[in-house]
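Take a look at the chain below.

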Amino acid sequence: MAEAGFVFIGNKLEPDTVKCFLCHKSLDGWDATDDPWKEHRQHAPKCLFAKLSKPQESLTVRELLDIKNELTSQAIIKFFDNKAATIKEEYNENNDHLISLMESLS
Ligand SMILES: [Zn+2]
């Protein structure tokens, strides 16, 4: 399971839930005969790690760099998404404040 890129994120209610470290796809309800690589490719066909379908120790430097670039891209997008959400929230708060201020003046 770990070799296929999955990290355990389960709990008492979901004892077999795992999530891909790269694409963040979570899967549960595993059968003993399930192939983690096959399930990963089937449920996350765009995942770079699933597409490669190789254990970490078999990856080339180029493949490792591609995965690193994907992780970096995701971190940058998340950072700016959070910044954009914060700015939008601050804008709305300031806008509401200005509207109430203008209403109090009229
Ligand atoms: Zn994945």
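H24 counts as exposed because it has 12 C-beta neighbours inside 10 Å. The cut-offs are these: a residue is buried with 20 or more other C-beta atoms within 10 Å of its own, exposed with 12 or fewer, and partly exposed in between, with C-beta atoms placed from the backbone. H24 sits in the loop between β2 (18-20) and β3 (26-27). Its phi is near 70°, a positive value in a residue other than glycine.

Two notes on the source. Residues are numbered from 1 along each chain as its sequence is written. The model is predicted: local features need pLDDT of at least 70, side-chain atom pairs count only at pLDDT 80 or more, and totals for chains, interfaces and linings use all residues.

S53 also has a positive phi, near 50°, and is a residue other than glycine. S53 lies in the loop between α2 (48-52) and α3. With 14 other C-beta atoms within 10 Å, S53 is partly exposed. H97 belongs to helix α3. H97 has 10 C-beta neighbours inside 10 Å, so it counts as exposed.

| Residue | C-beta neighbours within 10 Å | Class |
|---|---|---|
| H24 | 12 | exposed |
| H97 | 10 | exposed |

Now the fold. The chain has 3 helices and 3 strands. Helices (H or I, at least four residues) and strands (E, at least two) are DSSP runs, numbered from the N terminus. Along the sequence the pattern reads β-β-β-α-α-α. The radius of gyration is 21 Å, well over the 13 Å that the globule rule gives for 106 residues, so the chain is more spread out than a compact globule. That radius is taken over C-alpha atoms, and the rule is 2.2 Å times the number of residues to the power 0.38. The C-alpha atoms fill a box of roughly 70 × 40 × 20 Å along the principal axes. Of the 106 residues, 10% count as buried.

Strands pair if DSSP finds at least two bridges between them. Here 3 bridges join β1 to β2. F6 stands opposite C20 in β2.

Next comes helix α3. This helix (residues 61-105) has 45 residues and reaches 65 Å from its first C-alpha to its last, close to the 66 Å expected at 1.5 Å a residue. The expected span is 1.5 Å times one less than the number of residues. How many of its residues are buried? The count is 0, and α3 is hardly covered. H97 and F49 are 48 residues apart in sequence and 48 Å apart in space, C-alpha to C-alpha.

Last, the domains. The assignment, automatic or from a database, gives domain 1 (1-53) and domain 2 (60-106). Their centres, taken over C-alpha atoms, are separated by 29 Å. The contact takes 4 residues from domain 1 and 5 residues from domain 2. Two residues are in contact if their C-beta atoms, placed from the backbone, lie within 7 Å.
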